[in-house]
Amino acid sequence: FIDSSANKVGIGTNSPNRALSLEDGDIQIHDTGTSGDPLINFSVGNTQASPTQSWSMRVDNSDGDKFQLLDVTDGRTVLTADGDRNRFCTNSARFYK
C-alpha cells in the first residue's frame, strides 16, 4: 500500500504510520538527516500506532552519535555503546537520558 499524500508505504497494512511500516514484523526505520536519529523500532501487541510494548535501536545524534537500545514503552535507555545501563528517562515521551 502506498499513501502518496503522506509519503508512507505499508506492507501488510493499509494504514502505515511511518515512512515504511511492515505489519506482522513491525519494523520502522526513521532518519531525518543530520539532525535526526536513525532508528529501528520493534513493537508488539495492540496496533502499530499504539503498541503494548515497543523497543528501539538508534544512533543518538544529540549524544555523540552513541548507539542505544531503548525501552520505549517505559521511556528508558537500556544500553548505550559506552556501556552505561539502565539510564532512566524522566519523560517517557522522549528517549533522552
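Strands here, like helices, are DSSP runs numbered from the N terminus, with at least two residues (E) for a strand and at least four (H or I) for a helix. Two strands count as paired if DSSP finds at least two bridges between them.

A word on the basis of what follows. This is a predicted model, in which local features need pLDDT of at least 70 and side-chain atom pairs count only at pLDDT 80 or more, while totals for chains, interfaces and linings use all residues. Residues are numbered from 1 along each chain as its sequence is written, and side-chain values use heavy atoms, with hydrogens and water left out.

I turn to the chain as a whole. It has nine strands and zero helices, so described because helices and strands are taken as DSSP runs. Of its 97 residues, 28% are buried; buried means under 20% relative accessible area, exposed means over 50%, and partly exposed lies in between, with a 1.4 Å probe and protein chains only. The chain exposes about 6,000 Å², and carbon and sulfur atoms supply 53% of that area. Accessible areas come from the Shrake-Rupley method with a 1.4 Å probe, and for residues only the protein chains shown count as cover. Among contacts between residues at least 6 apart in sequence, 13% join residues at least 24 apart, where contact means heavy atoms within 4.5 Å.

Back to the start of the chain. Strands β1, β2 and β3 form, in that order, an open sheet with mixed pairing. Its edge strands are β1 (2–3) and β3 (20–22), each of which pairs on one side only. Between β1 and β2 the direction is antiparallel, and two bridges join them. V9 belongs to β2, which covers residues 8–11, and V9 is partly exposed, with a relative accessible area of 31%. Together with I2 and I11, V9 makes a nonpolar surface patch of about 270 Å². Such patches are made of residues with over 30% relative accessible area and no salt bridge; nonpolar side chains (Val, Leu, Ile, Met, Phe, Trp, Tyr) are joined within 5 Å, and like charges within 9 Å.

The loop between β1 and β2 contains N7. N7 is not a glycine, yet its phi is positive, at about 55 degrees. Most residues other than glycine have a negative phi. N7 is also exposed, with a relative accessible area of 63%.

N46 sits in the loop between β5 (39–44) and β6, and its phi is positive, near 55 degrees. At 61% relative accessibility, N46 is exposed. A49 is found in the loop between β5 and β6, and it is exposed too, at 65% relative accessible area. The C-alpha atoms of A49 and P16 are separated by 8.7 Å, although these residues are 33 apart along the chain.Next comes strand β6, residues 53–60, which includes S54. Is S54 buried or exposed? S54 is buried, with a relative accessible area of 6%. Its side chain makes a polar contact of 2.9 Å with the side chain of N41. A polar contact is a pair of N or O atoms within 3.5 Å; within protein, one must be able to donate a hydrogen and the other to accept it, and residues adjacent in sequence count only if both atoms are side-chain atoms. Leaving aside neighbours within four places in sequence, the residues in contact with S54 are N41, F42, S43, L70, D71, V72 and T73.

How many salt bridges does a search of the whole structure find? The search finds one, and it joins the side chains of R58 and D60, at 2.9 Å from N to O. The definition used is a side-chain nitrogen of Lys or Arg within 4 Å of a carboxyl oxygen of Asp or Glu. Side chains of opposite charge can pair when their charged atoms come close. Both R58 and D60 are buried.

Finally, the β7 and β8 hairpin. Strand β7 (residues 66–71) pairs with β8 in the antiparallel sense over four bridges, and Q68 stands opposite T80 in β8. Four residues lie between the two strands, and G75 in the turn has a positive phi of about 70 degrees. Why is β8 described as largely enclosed by the rest of the structure? Because four of the five residues of β8 (residues 76–80) are buried.
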